[in-house]
Amino acid sequence: MKVESPSFKNGEVIPQKYTCDGENVSPPIAWSGFPEGTKSFVLIVDDPDAPIGTFTHWVVYDIPPNIVSLKENFPKSKQVDNIKQGINDFGRVGYGGPCPPPGHGYHRYFFKVYALNVESLGLPSGATKKEVESKMRGHILSEGQMMGRYRRD
């Protein structure tokens, strides 16, 4: 699967607009090349370089198979149409932008999309990444990712 954003390319620096130093809105994300039989998608954004271990920035699940992108500034609400959002490690629903400790160097932010063979994970909105990953087990048909970088001096 291919995951991309018109706002930055894989491996590039994430524009400040999408971080805690800017507007802290989600970047536009699109995916393609998923297998036939895909019944839903999951999007997880995390930072494996955080001092406390992997830090989750965004959890989106039960994305219908006809939705192949999320627009910029996706609403930070538990449910948008039938798309559910979970709790990030900031303790909030929806997207929380990159916000690494100042002077910590570049952190990597992975935007991972999973194609699943189930329409729903059967979770209420507001689930954690751990709960979503647990329910995805055995249902992943394909996955893809892109990575952006960000640092604060």
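Visitor: Why is E4 called partly exposed?

Guide: In this predicted model, E4 has a relative accessible area of 36%. Buried means under 20% and exposed means over 50%, so E4, at 36%, is partly exposed.

Visitor: What makes the contact of K2 and E4 a salt bridge?

Guide: Their side chains meet at 3.6 Å, N to O. The definition asks for a Lys or Arg side-chain nitrogen within 4 Å of a carboxyl oxygen of Asp or Glu, and therefore the pair qualifies. K2 is likewise partly exposed, with a relative accessible area of 48%.

Visitor: How do you know that K129 forms a salt bridge with D46?

Guide: The closest N and O atoms of K129 and D46 are 2.9 Å apart, and the limit is 4 Å. This pair links distant parts of the chain, for K129 is in helix α1 and D46 in strand β3, 83 residues apart.

Visitor: Why do K129 and D46 count as buried?

Guide: K129 has a relative accessible area of 15%, and D46 has 3%. Buried means under 20%, so both residues count as buried.

Visitor: Which residue forms a salt bridge with R151?

Guide: The partner of R151 is D153, with the closest N and O atoms 3.4 Å apart. R151 is partly exposed at 38%. D153 counts as exposed because its relative accessibility is 75%, and exposed means over 50%.

Visitor: What joins D46, K112 and K129 into one network?

Guide: They are joined by salt bridges that share partners. The whole structure holds 8 salt bridges.

Note on methods. Residues numbered from 1 in each chain as written. Predicted model: local features only at pLDDT ≥ 70, side-chain atom pairs only at ≥ 80, totals over all residues. Heavy atoms only, no water. Buried < 20%, exposed > 50% of the residue type's maximum accessible area, 1.4 Å probe, protein only. Helix = DSSP H or I, 4+ residues; strand = E, 2+ residues; numbered from the N terminus.
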